[in-house]
Amino acid sequence: MQPAEKTASQPVQSREERLFLLIILVLGSVAGLGFWFAASALNRHDELRGIRPEKPRQLVDFSLTDSTGRQVTRAELQGKVLAVSFLFTGCGTTCPEVSQRMAEIQRLTTNQPDTRLVSLTVDPRTDTPPVLAKWGARYGADPNRWLMLTGNKRVLQQLIGTSFLSTNSGDPFNSMPGNFRGTERIAVVDKYGRVRIYFDGLRMEAAAAVVAEIEDLRTPR
Amino acid sequence: MNLKIIPAVLLLALVGCKPASPSSAPRNFTVHGIVMSVATDQRHATIKHDAIPGYMAAMTMNFAARNPEVLNGVSVGDIISFTLVVTETNDWIENAQRLGITNVIGLSGPPGWHVVEPALAVGDTLPDYEFTDENGALVRLADFRGHPVALTFFFTTCPLPDYCPRMNRNFEETRKILALETNAPARWQLLSISFDSNFDTPQRLSSYARVYRGNDPAHWLFLVAATNTLASLAPKLDLSVWQEGGSFSHNLRTVVLNAQGKISRQFDGNDWTPQQLADAIADAAR
C-alpha cells in the first residue's frame, strides 16, 4: 500500500492478493460474528430456566369474578393446568409485556380443553369486569379460556400472597401494587393446584417455556 | 432518597445563579425540618425541611455543615430547627437544635415502607395532609374545610392521554359546569396533586397548569405531594404508584371531600364524566 512497495519485486500480484485476503478476512469476520451472535442467542434461550417455588405453594380456595361478570371459584379450575399472571390495567410496562406472553400462550394452547390462563388483578377497585374485558380485548383474550379475575381486594391479596408470590418487596413505589415480589412472573400450576414452576414473563422465550411445561403436566408419564 | 435530592440541588443551583441580592452579606434563615440522614463525618445531613420564605419551597435536600459539631447529637428522625446561612457562592447550616422526634413512614428506608393501611371508605375522614403549590407555598387539606373539595392525582410527564391528561381535562370541564350552574355551591375547590416530587417542581406545575386551566386559577390548584406524604396518603385512598421503566405506572383515584373533610364520593379509574363529578361536588356541599 505504500508507494515504495509498488516499485518492489511483485507490485501487481501483491495488491490483488492483499485485496483478496482482505475480502476473505472481512467475510470471515462477518461469518464469525454471525456465528457468535447465533451462539449467544441460543445460549440465552438455554438460560431461560424456570424458577421453582421457594416453598410448596398450593392454589387456595377463592371466589372471584371474571371479565364477563361470572363468578369463578377454585373448584372450576380443579383438574386444569394453569398459566397464571398478575396485572393491573394502570400498568404501563410490565403488564402489557406479560399479557403479550399470555396471549402467545393462549394461541399455542388453543386446542387444549384442560388448559386455562388466569390473570389476577392487584387493583380490583379500578379493574372491574368491564375494565378487564377491555384489557383482555387488546390481547385477544378468549374469556372462556383466559380468565381475568377481580373481586374483593383481601381475597385477591390472600390468593396471590398464599398461592403465588412473596410479599414485601420493600419500597411500595418500586413494586407492583400489593408490594409483591416477582409480579412479572407467569406461574404454571398442575392439575392438583400445585405451583410447579415460574417463568420470567418479560422474556420472549417464556411463552414457549410455559407451553412446554403445560404439555408435560397434561400428559404425565 | 438520593434521587430526590437532585432537583433540590439543581433548584438551589438556579437560585444561587440569580443575582437576587446585590449585597454580598450572608443571609440567615431559620428553618425547621426532619433529619433524614446524617453523614458519618457529620459534614452533611439530608433534611426534609419546611418552606423557607423568600428562599425555597419545602423539600428534602442535603445541607453542608461547615463545622461538624453542629450535628452533634442529631440523628435520623429528629425534628430540628437550624440556621441556614446563604452567601452568594455557598450555603451551610449552623445552630442545629433538636425539637423532638418523628416516626414518619418511610423515614428509615425499606422496612418502614411496608405499612399496609386500610383504604378509607365513603364517610371516613381523610386526615389532613400538606402539599406544595405552584408558587412553592404550603397548602393543607384543612385549608379547604368548610366547602367541598375534589382531588385527583397525576404527574406532569404522564404520557397516556387516557390517564392524567384525561383527569385534568375532566377537571376543567367540571369547573366550567359548576361555574355555569345556578344552584352550584358558592365555594368549592379542585386539587390536582402530582406524586412525582422529584420532577414536578412548582415551576413545572405552574406551566403544566396553564395548559389545562388557562390563565384563570379560580377554584383549581395544582399541588405536589412529598414522598412521605404519599406513603401515608396513597394507601388510604387505594392509590397505587409504581416507578417502573423510567416512568410511573399508577391507578386513578378521584375523591370528593365534604365540608368536614369526610370522603363523600370516590371515582375509580377514568370512566366517569365531568357532569358526574360536578354533581358529586354539589351533593357534598349539601
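This note goes through a predicted model with chains A and B, point by point.

1. Conventions. Residues are numbered from 1 along each chain as its sequence is written, and chains are lettered from A, with ligands numbered from 1, in the order in which they are written. Because the model is predicted, local features need pLDDT of at least 70 and side-chain atom pairs count only at pLDDT 80 or more, while totals for chains, interfaces and linings use all residues.

2. The sheet of chain A. In chain A, 5 strands make an open sheet with mixed pairing, in the order 5-4-3-6-7. Strand 5 (146-149) and strand 7 (195-200) are the edge strands, each pairing on one side only. On average, neighbouring strands of this sheet are turned by 20° against each other, direction ignored. Helices (H or I, at least four residues) and strands (E, at least two) are DSSP runs, numbered from the N terminus. Two strands pair if DSSP finds at least two bridges between them.

3. One pair within that sheet. Strand 3 (residues 81-87) and strand 6 (residues 185-189) of chain A run antiparallel and are joined by 3 bridges. Here A:Ala83 has A:Val188 of strand 6 as its bridge partner.

4. Helices on the sheet. Helix 7 (residues 206-218) of chain A packs on the sheet and touches strand 3, strand 4, strand 6 and strand 7 of chain A. The direction of helix 7 makes about 165° with that of strand 7 of chain A. Helix 6 (residues 153-163) of chain A lies across strand 3, strand 4 (115-121) and strand 7, running at about 120° to strand 4. Axes are lines fitted to C-alpha atoms, for helices over the stretch in contact, and angles run from 0 to 180 degrees between N-to-C directions. Two residues are in contact if their C-beta atoms, placed from the backbone, lie within 7 Å.

5. Nonpolar cores. The largest nonpolar core has 98 residues, and those with the most contacts inside it include A:Ala83, A:Ile186, A:Val210, B:Leu223 and B:Ile281. Helix 7 of chain A gives the most to this core, with 7 residues. A:Ile186 touches, among others, A:Ala83, A:Val84, A:Phe199 and A:Val210, leaving aside residues up to four places away in sequence. Another core, of 22 residues, lies apart from it, with B:Ile47, B:Ala58, B:Ala65 and B:Leu84 among them. A nonpolar core is a set of buried Ala, Val, Leu, Ile, Met, Phe, Trp, Tyr and Cys residues joined through C-beta atoms within 7 Å. A residue is buried if 20 or more other C-beta atoms lie within 10 Å of its own, exposed if 12 or fewer, and partly exposed in between, with C-beta atoms placed from the backbone.

6. Chain B overall. Chain B has 6 helices and 14 strands. Of its 286 residues, 39% are buried. Among its contacts between residues at least 6 apart in sequence, 64% join residues at least 24 apart.

7. Strand 10 of chain B. In strand 10 (residues 220-224), 5 of 5 residues are buried. B:Trp220, B:Phe222 and B:Val224 point one way from the strand, and B:Leu221 and B:Leu223 the other way. Strand 9 (residues 189-194) pairs with strand 10 in the parallel sense over 5 bridges, and B:Ile193 has B:Leu223 as its bridge partner. Strand 6 (residues 130-133) of chain B runs antiparallel to strand 10, with 2 bridges; B:Thr132 stands opposite B:Val224.

8. Two loop residues with positive phi. B:His219, in the loop between helix 4 and strand 10 of chain B, has phi near 65°. It counts as partly exposed because it has 19 C-beta neighbours inside 10 Å. B:Asp238, in the loop between helix 5 (227-236) and strand 11 of chain B, has phi near 60°. B:Asp238 is buried because 21 other C-beta atoms lie within 10 Å.

9. Where the chains meet. The contact takes 18 residues from chain B and 20 residues from chain A. Strand 11 of chain B gives the most to the side of chain B that touches chain A, with 4 residues. By class, that side has 6 nonpolar, 9 polar and 3 charged residues. Ala, Val, Leu, Ile, Met, Phe, Trp, Tyr, Cys and Pro count as nonpolar, Asp, Glu, Lys and Arg as charged, and the others, Gly among them, as polar.
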